[in-house]
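I opened my notebook beside the structure and wrote down what I looked up, one entry at a time. Follow along if you like.

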Amino acid sequence: MADAPVIAIDGPGGSGKGTISRRLALDLGWHWLDSGALYRLTAVAAAIGGVPLTRAADVARVAAGLDVRFVPGAGGDQVLLAGRDVSAEIRSEEAGSGASIVAVMPAVRAALVDRQRAFRRPPGLVADGRDMGTVIFPDASLKVFLTADLAERARRRHKQLSEKGIDVSLAALLRDMAERDERDTARSAAPLR
Ligand code: C5P
């Protein structure tokens, strides 16, 4: 359904695009795509299958074969990987780091393109990611680039994690997010722009 309108919201981690895109989708009654979840799922599924993140061709096969179901809920989607609830697992910092490593691989990105475009259905789609407006939905009716200071994004992520009872130092988080920003921006395949 290429005719359904798309609102693309791209930006770095911790900028608030997840919260905003989900609320917007709820308000409009549109579908929602959390594209980062697919990269996180690929990293988690690779770990479960014992596939090292250094082997791009094998990781791409994992991405292509993801058996995933998103069950919409008020607080966000429940994410089922081969029937197993991995909603919490994919939100960990480890999954986020793994995601940004596999996201550099062109074969992995290619394996996830059709799966992302399949979310475009009437009445419309709000898509959250890094390359929604540049690569996946270049004809989006509205393209938003949402960002904030690294320090502010790290503070926000820290608060989110603390609320979930996950204890991580702000300094470590800052370092990790800076590293991830660098990988997302410097990569040649669909860099954050
Ligand atoms: O947005 P989120 O933090 O869940 O994304 C995790 C990682 O997945 C990002 O750091 C980025 O490397 C990658 N990603 C991407 N393209 C997207 C969405 C996420 O490369 N459209």
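**Entry 1: a hairpin.** I began with β3 and β4, which form a hairpin with six residues between them. In the turn I found glycine 76, with a positive phi of about 120 degrees. I kept in mind that this is a predicted model.

How do β3 and β4 pair, and over how many bridges? I noted that strand β3 (residues 68–71) and strand β4 (residues 78–81) pair in the antiparallel sense over four bridges. Looking across from arginine 69, I saw leucine 80 of β4 standing opposite.

**Entry 2: the two faces of β3.** I reminded myself that in a regular strand the side chains alternate between the two faces of the sheet. Then I checked β3 for this pattern. Val68 and Phe70 point to one face and are buried.

**Entry 3: a pair of rings.** I searched for aromatic pairs, and the count came to one. The partners are phenylalanine 70 and phenylalanine 119, with ring centres 5.8 Å apart. Why is the pair called edge-to-face? The planes are at 70 degrees, and over 60 counts as edge-to-face.

Phenylalanine 70 lies in strand β3, while phenylalanine 119 lies in the loop between α5 (106–117) and β6 (125–129), so the pair ties together parts that are 49 residues apart in sequence. Is phenylalanine 119 buried or exposed? I found a relative accessible area of 16%, so phenylalanine 119 is buried, as the cut-off is under 20%.

**Entry 4: aspartate 10.** Next I went to strand β1 (residues 6–10), where aspartate 10 has its place. Aspartate 10 is buried, yet has no salt bridge. Which side chain of opposite charge is nearest to aspartate 10? I found arginine 130, 6.7 Å away.

I did find backbone partners for this side chain. Aspartate 10 reaches the backbone nitrogen of aspartate 131 at 3.2 Å, and that of methionine 132 at 2.9 Å. Beyond residues up to four places away in sequence, aspartate 10 touches several others, including Lys17, Gly129, Val144 and Leu146.

**Entry 5: leucine 146.** That last name made me look further. Leucine 146 sits in the loop between β7 (142–145) and α7 (150–163). Setting aside neighbours within four places in sequence, I listed the contacts of leucine 146, among them Ile9, Asp10, Pro12 and Ile20. Finally I compared leucine 146 with leucine 66: they are 80 residues apart in sequence and 29 Å apart in space, C-alpha to C-alpha.

How values were computed. Residues are numbered from 1 along each chain as its sequence is written. Side-chain values use heavy atoms; hydrogens and water are left out. Contact means heavy atoms within 4.5 Å. Buried means under 20% relative accessible area, exposed over 50%, partly exposed in between (1.4 Å probe, protein chains only). Two strands pair if DSSP finds at least two bridges between them. Rings of Phe, Tyr and Trp (its six-membered ring) pair if their centres lie within 6.5 Å; planes under 30 degrees apart count as stacked, over 60 as edge-to-face and the rest as tilted. Lys and Arg count as positive and Asp and Glu as negative; His and the chain ends are not counted. A salt bridge is a side-chain nitrogen of Lys or Arg within 4 Å of a carboxyl oxygen of Asp or Glu. A polar contact is a pair of N or O atoms within 3.5 Å; within protein, one must be able to donate a hydrogen and the other to accept it, and residues adjacent in sequence count only if both atoms are side-chain atoms.
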